[in-house]
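Subject: Structure for you to look at

Hello,

Here is the structure I said I would pass on. My notes on it follow below.

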Amino acid sequence: MGSRSALYRELKELDLIENIAELDAFGYTIIPPEKVGPPEQHENMKQAVLRVAASRKGCAIDELPQFFSKGQELMRFILWDDPIFEKVVLTPSALGLIQWLVGTDCVLSLFDSWIKGKGALGTDIHTDWAQFDMPTMPPEAFGANFNYVLTDYTKEDGALSFVPGSHRWRRWPSHEEAAYWKDKAEPVEARAGSIIIWGDHLWHGSYNKDTEGLRIMILGMYNRAHMQTQEGFRETVTDEALARNPVRFTRLMNIYHSMPSGRSGRDAERASEAPRGYNSLFDTEPAGDKFTTEGKRDLLSYDREATNAQMKAQEELAATGKTWPDLYHG
Ligand SMILES: O=C(O)CCC(=O)C(=O)O
């Protein structure tokens, strides 16, 4: 079970076992606003998204509905636009269910907002599976998504839609299937403040937005740690952001991952400082100066002393009778 038993216990404490069953049965689940955060948090997030949009578009917040009339934008890479967003990626209920899908050491791949005005077209049915050269999906998801809806979702408001159970088909829809399901998919009716979770196997899209006002949502995607992320958190995270957040945030930024390595292999000293083990969903203690962003590594230099030390360490390990699996599994 590894760290999954610790995770299961915490999900049970959060009263989310039924949500695990829904992920299994339907491929998605909706966390109600009360299990996401206090009511003022949802409104504060919405205002933060509106401030980012107004600043990026160079207009006033009250001009945005006009700006997005008939239009929409997936507004990219907003995590660093306001520190309030860092709280979202650590939301215990959402992160816990995401970890159930993609592992307790998953990393953050994407953090965007999506704004739609009246007349915006729905999104075609697709999956978020991005291994296009690997058309048959394995049983486990490689990526998991959340949509944090900051305005009420109904079909007319342009809600997200799902083909329940399609995560078991383990392939992308064809063009014909995507067209067939577009107006038959199940719309997600959810109150502002809800978080919707699903894995990257599930067929989904959204409906046209026919109502007045803006549809506002924050979305995030988490990957298994070996994968290339969609956005450059690892390259842009600061020591200050690591310090003000708990340890799990450092791992989400993936800055201690030993790949890619250069001529000297992985940096053993840095690897020994990396956070490890299970990080509780309830840990809110700031990490302080325990972790640092990655210094500039010289991948082309060969460190003779360090590589000799690695060779010696392997000989010592062999002498104890331990093998590599022992190291990975404790
Ligand atoms: O809301 C939408 O239009 C689609 C959302 C979506 O496809 C996603 O978040 O992956």
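How do the residues of the shell around the ligand divide into nonpolar, polar and charged? Three are nonpolar, five are polar and one is charged. Please keep in mind that this is a predicted model. The residues around the ligand are Trp114, Thr123, Asp128, Asn145, Asn147, Leu160, His204, Ser206 and Leu219. Two elements give two or more residues each to this shell, namely E4 and strand E8 (204–206).

On the overall layout: the protein is divided into domain 1 (4–223) and domain 2 (233–329). Their C-alpha centres lie 31 Å apart. The contact between them takes 14 residues from domain 1 and 15 residues from domain 2. On the side of domain 1 that touches domain 2, helix H1 (4–13), helix H5 (86–89), H6 and E3 are the elements that give two or more residues. H6 has the largest share of that side, with three residues. By type, the residues on that side of domain 1 are nine nonpolar, two polar and three charged.

Next, the core. The largest nonpolar core has 71 residues, and the members that touch the most others are Ile98, Tyr148, Ile196 and Ile197. Helix H6 (residues 92–102) gives the most to this core, seven residues. Because domain 1 and domain 2 both give residues to the core, it lies between them. As background, nonpolar side chains tend to be buried together in soluble globular proteins.

Leaving aside neighbours within four places in sequence, Ile196 is in contact with Tyr28, Ile30, Phe146, Asn147, Val149, Leu160, Val188 and Ala190. Two of these contacts, Asn147 and Leu160, can also be found among the residues around the ligand.

Last, the strands. Strand E9 (residues 215–223) has eight of its nine residues buried, so it is largely enclosed by the rest of the structure. E9 pairs with strand E3 (residues 107–116) in the antiparallel sense, over nine bridges. Strand E4 (residues 143–149) also runs antiparallel to E9 and is joined to it by seven bridges. Asn223 in E9 is the bridge partner of Val107, and Asn223 is the bridge partner of Gly143 as well.

If you want a place to start, go to Asn223 and trace its bridges to Val107 and Gly143.

Regards

Terms used
Residues are numbered from 1 along each chain as its sequence is written. This is a predicted model: local features need pLDDT of at least 70, side-chain atom pairs count only at pLDDT 80 or more; totals for chains, interfaces and linings use all residues. A nonpolar core is a set of buried Ala, Val, Leu, Ile, Met, Phe, Trp, Tyr and Cys residues joined through C-beta atoms within 7 Å. A residue is buried if 20 or more other C-beta atoms lie within 10 Å of its own, exposed if 12 or fewer, and partly exposed in between; C-beta atoms are placed from the backbone. Helices (H or I, at least four residues) and strands (E, at least two) are DSSP runs, numbered from the N terminus. Domain bounds come from an automatic or database domain assignment. Two residues are in contact if their C-beta atoms, placed from the backbone, lie within 7 Å. Two strands pair if DSSP finds at least two bridges between them. Ala, Val, Leu, Ile, Met, Phe, Trp, Tyr, Cys and Pro count as nonpolar, Asp, Glu, Lys and Arg as charged, and the others, Gly among them, as polar. A residue is near a molecule or strand if its C-beta atom, placed from the backbone, lies within 6 Å of it.
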